[in-house]
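Reader: I am new to this structure and would like to go through it step by step. Could you take my questions as they come?

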Amino acid sequence: MTPLSQLKPNPAAATNDKSSTDVKANLNSAQQIGDIKLGFLPCALIVFFISLGSCLYSNLLKGPAPTISLFDSGHYMETIRQVVLFIQQLFGANVTADKLSDYLMLDGPIMPIVFAVPFLLFGIAPTLADWAGFVLTQACIQSVSALFVFLLGCRMTGSKKWGIFAGLAWGLYPPAIVCAKHVLSETLVLSLLLALVFVLSTIVRTPGGEKRRFVLAGVLDGLLFLTKPALAIAWGLINAHACFLLSPRRKQIQFVIFAFVGLMLLVVPWMFFTKAASGKYCVTVPRVPTFNLVNGIWPEIEGWGQYPNNPMIAMITEDVGPIPALNGLLAVRAPEVINLSARKIARLWSNPWNDYRYKVLNLNATTQALWHRILLLLGFAGLMVALAPPKRMAFNANTFITYASIEIIAAHLAYAPFESVQRYTYTAMPFVILLAGYFLHHLDQKLLWKRALLWVGLPGMVFSLLLTSDLVPFLVDVSGSARQAFVVSLVIRYIVLLWLGLGIARIAKESAARLSMLAKAGLALLFVGYAGVLLGYAFNTRQIDEWASSLKNGQAAVRQLSLKGVVPDEQARQRLHWALVLVDANYAVEDAKITVNNKVVPGKFVSLYQFDPAHYELINVMQTIGSGIGKTPAEIRQWRAVPVPVEWLNLDGQNEIRIEPTIIGGPRITIYGDYSFAPKGRKSFLAPEYFAHNKLWSTMDGLDGRIVDPTRIKAVPSRSIFVDGVKQNISDLSSVLGKQCGDFRIHLALGFARLPISGGSAVNRSVSQAARIASMPVTGRDFEPKLFGTGNAAESVVTKEILGKAAMASCLLDCPADATKSSHVHVRFSGDLSSVSGPSAFNLVIAVKGNLQNGVPVVLPQTPKMLAGSGQWQHFVIEDEVAVDSVPDGIKKVLIELYPIGGETHLKNVSLQLSPVDLPNFKKHVVSIF
């Protein structure tokens, strides 16, 4: 590899060399790279409008994305609105932007101002109803980034064909289209970063007019710095690279001065604004770096952000500073922090960024992941080819863009200490695509397609297949144990990657007489790094490698466990207040038959959070996330539980829990299990207390957001049995291919009173008629009268026209004190509905809340997503049980909200029933899980 210092133009040396024919040709072609020739402009327009059309088709025609107002996107929308109101206020409009500084301090000034411009032109202070304006702006910016990728691809390869490939590969990249559904900064940041690479490539390539371009580069640096401070390493590297390649030294000094001036033109005004808004000067947008760093490297939570915050994370304040916090963690838990950081590199790149798993261009999430990995493979091959250039290579825009792409991709590893989600590497993907185009261009020039298919394509396909395949079930018998099988599966993946790397190296060698030292060192570094990632997984003590058993009629999952010694004396038995059966299974388990010690449990599985008031709000979190991915909370992986009378348990010996399907032809019950990796006496366990939404989003197929708790579960003698008809199997717990061994995730949870009590179990799921609260009728008068038609005294009429302005109708009903005398309240909302003007539908939200004005309502998890009406009267019943102390000051009110979707809906005989019921309560008892 020629050192970068020798890549400066030296025509004299090239001319005097007797063997410089190839170099002259290279120089001549370099002079043509990027020149606008006949057909160039139509190609650019094709890339731009195909990208724009794909964004508009995917994001406008189907209405607003249900997630456009969630999380960061919703916050950016309000910030943009505040900017528009502030500017309108300056020009005398009767509006107020009272929260502008608060919003800008979180979101920065650049993106809100850019997005405010089109709304200012039309005099609109945007709301959610103006979602199309946000999406159109995002689509235009995304199309501009595709245009820049096209321009850089042309300069990089000297070919319009591969420039078009790069531009369209990015313009049609599914996450880029999905990002345009929302109001997020990544689209703008990426356009600025691509523009900076383009400007710097012209600075180092074309003499004359440098000062203006130096200042422009500085301005782009400032825009990036204030929009995405985390990319400072990336733009710092490429600026330093461009400066180094300038000649003579006088131009290098000019570049530093003028670029710094351009940077300060933006940073200085921002500093004065932050001083006025917060009382202190801030160079960048404050992003709580200490919290984000500690959250990302704390081993106990596997580096995932979670709800609620881990108590240790909540103790860390920004006053500590990120570096002292990092040093403190490394001082006590360095091996675990290093192990976690290595594994998080795989998190960054393994899947594309599509949090809500939207289908794009009719491609599902799994197909999108395959597309993403093919681009990564080709980009990796392009990187290796770039590290093995011809022995003599003249400098041109090609080399700068190639190495700038590598530098930007490498700079994204700075995200490894943080939470490391796919969103962080989104801004690196266009440069991966540029390297992929570079590799394909190399094959095209050298006519290496057949050899590339054999040397790269075959191992690449095998490697991609292994990434998504679980080899452990097929290696258990060969290796002797599940743990050894897991390690062997990692070794196999590494060998296949080595095969792939050697194939790429052979292709790279075609462009040079031999691989340079830099190419060899780069290849070795990549494989050592990948080995480090695999070692991180191999030596991860918190590893849970799961399997699934799908049950059909006639099959059952059984776990036998001994409670001998768990409740050793009479005092402990008096404190034993309740028992629950816990299971990790899909939603179909809610209809399962459950037997404990040959007695049929009368209830059914529900979310464990219903028995844990301290974490009941996680059901709300799952509802919010589920609305984005089109799933109900029941479809999201979670622990489910059902109460069991304590009297049924054998506290002195063996207990058997059996789960089997009951609905003939119904959905299969999937029960998950794990291999026995843990040290003796301790077993890893998916904690019920925390929910990591980014973990759920970081996979393309699973729906599990739980994190690992290595100490919660207590090991007892047990075994699992897979029953198929009259056959029983304890060595293979599933009928699928391979060998699933270990344990079903079927557990017993015992709740002990904190103080000794007399008597037996106080848990009784039934509610006596005497204790039932009389029904409270709900009519249109309970809602806003102006928004509810009440022409017939016996009916309430909801019309879309009436609710057009408000979009919803709500009522707040008092909860009788008698209903809250037990641990839980049974809520039953029922009535009849019909539609006389054709099919209708509306969303219904039923929630409980306290008297606190700012208290967040807790939504009942069993509330259906939608109620549909027809020409006939239909009866509906919605019922659920919620802990009285699931809200801070206890349940005092019930909130009912109606969101009409279409058609006129009639309601009658609507009533709300509230009844006390005693159920297990995690908050009031000491809980042990076995």
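Reader: Among contacts between residues at least 6 apart in sequence, what share joins residues at least 24 apart?

Author: In this predicted model, 82% of those contacts join residues at least 24 apart in sequence.

Reader: And how many helices and strands does the chain have?

Author: There are 26 helices and 26 strands in the chain. Of its 930 residues, 55% are buried.

Reader: How far apart are the end C-alpha atoms of α23, and what span should its residues give?

Author: The end C-alpha atoms are 31 Å apart. With 22 residues at 1.5 Å a residue, the helix should span 32 Å, so the two values agree.

Reader: At what angle do α17 and α23 pack?

Author: The angle is about 150 degrees, and the axes of the two helices are 9 Å apart. On the α17 side the contact is made by Phe 380, Leu 383 and Met 384, and on the α23 side by Ala 519, Leu 523, Leu 526 and Phe 527.

Reader: A change of topic: where is Asp 704, and is it buried or exposed?

Author: Asp 704 lies in the loop between α26 (693-697) and β11 (708-714). It has a relative accessible area of 13%, and because buried means under 20%, Asp 704 counts as buried.

Reader: Which side chains are joined to that of Asp 704 by polar contacts?

Author: Its side chain has a polar contact of 3.5 Å with that of Arg 637 and one of 2.9 Å with that of Arg 706. Neighbours within four places in sequence aside, Asp 704 is in contact with Arg 637, Leu 686, Lys 695 and Leu 696.

Reader: Now the open sheet of 3 strands: in what order do they run?

Author: The order is β1-β9-β14, with antiparallel pairing. β1 (546-551) and β14 (743-744) are at the edges and have a single partner strand each, so one side of each is without a neighbour in the sheet.

Reader: Over how many bridges do β1 and β9 pair?

Author: β1 pairs with β9 (residues 669-674) over 6 bridges. Ala 548 stands opposite Tyr 672 in β9.

Definitions and conventions
Residues numbered from 1 in each chain as written. Predicted model: local features only at pLDDT ≥ 70, side-chain atom pairs only at ≥ 80, totals over all residues. Heavy atoms only, no water. Helix = DSSP H or I, 4+ residues; strand = E, 2+ residues; numbered from the N terminus. Expected span 1.5 Å × (residues − 1). Axes fitted to C-alpha atoms, helices over the stretch in contact; angles between N-to-C directions. Contact = heavy atoms within 4.5 Å. Buried < 20%, exposed > 50% of the residue type's maximum accessible area, 1.4 Å probe, protein only. Polar contact = N/O pair within 3.5 Å; in protein donor to acceptor, adjacent residues only side chain to side chain. Pairing = 2+ DSSP bridges.
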